[in-house]
Amino acid sequence: MEIDEDSDIETIDSDGWLEDTENPVNKNDCLFCDHHSKSLVKNLKHMTAAHSFFIPDPEYCVDLKGLLKYLGEKIFAGYMCIWCNEKGKAFHSAERAQAHMLDKGHCKMLHEGEALAEYADFYDYSSSYPDAENIDPDTEVEIPELDDGDYQLVLPSGSVIGHRSLMKYYKQSFDPNRAVAVPKSDKLKRVLHHYRALGWNETQKGVVTKKARDIKYMQRLRARYSTQLQFKANKMQKHFRPQVNF
């Protein structure tokens, strides 16, 4: 099954969003107000206390700072509410987006359904995937046609991903040299300790398993998609004949 390479969905490059915009996370500034903290952990504690912001499924987050920086890009470069995402109102400044999130109680990260694909690279649910050892990584995964704007992909959990979100995930590009934090790093342990002190309990196993299955399925689709694009590129290169000017 062939992939439409001429989609009108542009490649998402998170590193290209902030050319002239300072990411507040780099300075340990709050995502939702002008409060400054002395460290990333203290910044998270402030956002939790002042704005009820929690990292979803924190025990499975493997790149805490990268996730926060990405959220900073969505707000300060994309002028976007991190709960409404693209389905919400369009804003003309980061301040307007912040005001909306504060007024509507949207200082929270949407992490279900279509949004799972967007944040998949910041999480690792492999330890909770019950069939991880029984999956053949070479098993063929059928990639749906992506030239139909009304196409929807049904994930193993029953969640549905629309055409635009699916294309964004397929073409999502992160810096390959981006440092990935080790699970249960010191910073993450301190965040988890703080969350537990506030009454937070670990995510229910059933919920985590559903997310793990969905993300695993999407990752296999994206890998298959990349393989097909590479095959097309090699095929075009094979038939290319350089022109020689005498």
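Here is a short tour of the cysteines, one serine and the salt bridges in this predicted model. Residues are numbered from 1 along each chain as its sequence is written, and side-chain values use heavy atoms, leaving out hydrogens and water. Since the model is predicted, local features need pLDDT of at least 70 and side-chain atom pairs count only at pLDDT 80 or more, while totals for chains, interfaces and linings use all residues.

Start with the cysteines. Counting a disulfide as a pair of cysteine sulfur atoms within 2.5 Å, you'll find zero disulfides. Select Cys30: its nearest cysteine sulfur belongs to Cys33, 3.7 Å away. Hop to Cys107, where the nearest one is that of Cys30, at 7.5 Å. Cys107 is buried at 4% relative accessibility (buried is under 20% relative accessible area, exposed over 50%, partly exposed in between, with a 1.4 Å probe and protein chains only).

Next, pick Ser93, in the loop between α2 (64-76) and α3 (94-104) (helices are DSSP runs of H or I, at least four residues, numbered from the N terminus). The Ser93 side chain reaches the backbone nitrogen of Arg96 at 3.1 Å.

Now for the three salt bridges (a side-chain nitrogen of Lys or Arg within 4 Å of a carboxyl oxygen of Asp or Glu):

- Asp29 and Lys27 pair at 3.7 Å, N to O; Asp29 is buried at 16%, Lys27 partly exposed at 41%.
- Lys211 and Asp57 meet at 2.8 Å, N to O. Lys211 sits in α7 (205-238) and Asp57 in the loop between α1 (40-51) and α2, so the pair ties together parts 154 residues apart in sequence.
- Glu118 and Lys74 meet at 2.7 Å, N to O; Lys74 is buried at 1%.

Conventions. Helix = DSSP H or I, 4+ residues; strand = E, 2+ residues; numbered from the N terminus. Polar contact = N/O pair within 3.5 Å; in protein donor to acceptor, adjacent residues only side chain to side chain.
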